[in-house]
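Work through the exercises below with the model open. Try each task before reading its solution.

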Amino acid sequence: MTGAGILCLAAAGTPSLPVFPVRPDGLAALLATLEPAQAVFLRAQDFAARAQEIVLLPGADGLAAAVLGLGEDRSPHAFGALPGRLPAAEAWRLEPGEYDPSAAVLGWCLGAYRYAAFKPAERPPAALLAPAGTEASLADAAAICMARDLINAPANLLGPAELADAAMALAARHGAAAERIAGERLAQDYPALAAVGAGSARPPVVVRLKWAGSGAGPDAALLSLCGKGVCFDTGGYDLKPSAGMLRMKKDIGGAAATLALARLVMERDLPIRLEVRIGCVENSISGSAMRPLDVLRTRHGLSVEVGNTDAEGRLVLCD
């Protein structure tokens with residue numbers, strides 16, 4: 001896996017300017033290595049290497065470098081502001097320092113993410129010349145951005161069928177066996193999930209994906225993942241207030257994260273067996289929707305009483 005699909009990466013060999021990540025206890029050493037005029041300029045900015053503190057350094061030909069304060073932040077987030085605050089006309093490279101290059105690349109790529117399906121970003125992110133050995137971080141970033149795209153997609157364009165399509169496409173790209181379960185079979189095998197989706201004009205679907213790494217035998221460890229893919233949650237008859245309903249497209253988040261993890265497992269060809277089940281459903285209201293105090297059958301054979309139709313997540317996952 002390379003950085004395909006990540007828009008903040010510069011091609012190998014692209015001319016680039018340096019970024020100096022520095023912690024407070026390393027600031028004096030950095031100042032000693034800079035050109036005298038740059039060191040004076042940095043001191044004049046009252047730069048103290050606080051987390052997320054960024055200063056652009058001038059040079060004889062204009063912009064010469066940037067300095068990033070890390071503070072004591074050792075997470076990828078320490079690098080997340082760079083794509084949006086560094087000039088996008090230049091490509092940039094990270095100079096060595098007291099930080100993890102893989103975490104830095106992940107933070108840069110995630111900080112550059114924008115959902116641009118309907119309108120372009122206000123400005124392109126600054127491009128990073130990723131150092132060698134950070135390919136795993138680029139794969140992580142691509143999978144996370146895939147999940148973010150699913151979560152950010154509006155519910156009118158990403159319903160149960162479209163989420164199922166995304167899961168099936170992921171399976172096809174990695175040679176996994178996958179099936180869509182819908183209709184009468186869904187009602188029989190996943191009755192609680194079917195009840196959650198009964199009120200929507202968009203029928204529920206379950207996608208089941210099975211895969212095994214090239215080094216996985218029949219007795220290899222099994223990783224089984226279940227993802228809650230509620231494409232929109234009105235709350236059902238226990239209707240959410242408008243403020244609570246506003247961002248309910250994010251109820252797809254469990255399924256999106258599950259698919260991202262499955263993608264990474266398959267891309268890295270881990271020596272395990274993998275099974276994924278994604279419950280793709282919309283919790284809506286109509287004459288056929290489940291009601292408070294309805295009693296539902298579950299796959300296990302137990303009956304459950306619906307105390308609140310807005311507690312649909314446990315019904316989606318229980319089967």
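**Exercise 1.** Classify glutamine 52: is this residue buried, partly exposed or exposed?

*Solution.* Start with the cut-offs: buried is under 20% relative accessible area, exposed is over 50%, and partly exposed lies in between (1.4 Å probe, protein chains only). Glutamine 52 has 27% relative accessibility, so this residue counts as partly exposed. Next, locate it: glutamine 52 sits in the loop between helix 2 (36-44) and strand 2 (54-59). Helices (H or I, at least four residues) and strands (E, at least two) are DSSP runs, numbered from the N terminus. Last, check the backbone: phi of glutamine 52 is near 70 degrees, a positive value in a residue other than glycine.

The model is predicted: local features need pLDDT of at least 70, side-chain atom pairs count only at pLDDT 80 or more, and totals for chains, interfaces and linings use all residues. Residues are numbered from 1 along each chain as its sequence is written, and side-chain values use heavy atoms, with hydrogens and water left out.

**Exercise 2.** Repeat the analysis for aspartate 269: where is this residue placed?

*Solution.* Aspartate 269 lies in the loop between helix 10 and strand 9. Its phi is near 50 degrees, positive although the residue is not glycine. Its relative accessible area is 33%, so aspartate 269 is partly exposed.

**Exercise 3.** Describe the open sheet: in which order do its four strands stand?

*Solution.* The order is 6-7-9-8, with mixed pairing. Two strands pair if DSSP finds at least two bridges between them. Strand 6 (177-181) and strand 8 (222-233) stand at the edges; each has a single partner strand, so one side of each lacks a neighbour in the sheet. Neighbouring strands are turned by 15 degrees against each other on average, direction ignored. Axes are lines fitted to C-alpha atoms, for helices over the stretch in contact, and angles run from 0 to 180 degrees between N-to-C directions.

Now take one pair. Strand 6 and strand 7 (residues 205-212) run antiparallel over five bridges. Alanine 177 stands opposite lysine 210 in strand 7.

**Exercise 4.** Examine glutamate 282: which side chain does its own side chain meet in a polar contact?

*Solution.* Glutamate 282 belongs to strand 9 (residues 273-283). Its relative accessible area is 12%, so glutamate 282 is buried. The partner is the side chain of arginine 202, at 2.8 Å. A polar contact is a pair of N or O atoms within 3.5 Å; within protein, one must be able to donate a hydrogen and the other to accept it, and residues adjacent in sequence count only if both atoms are side-chain atoms.
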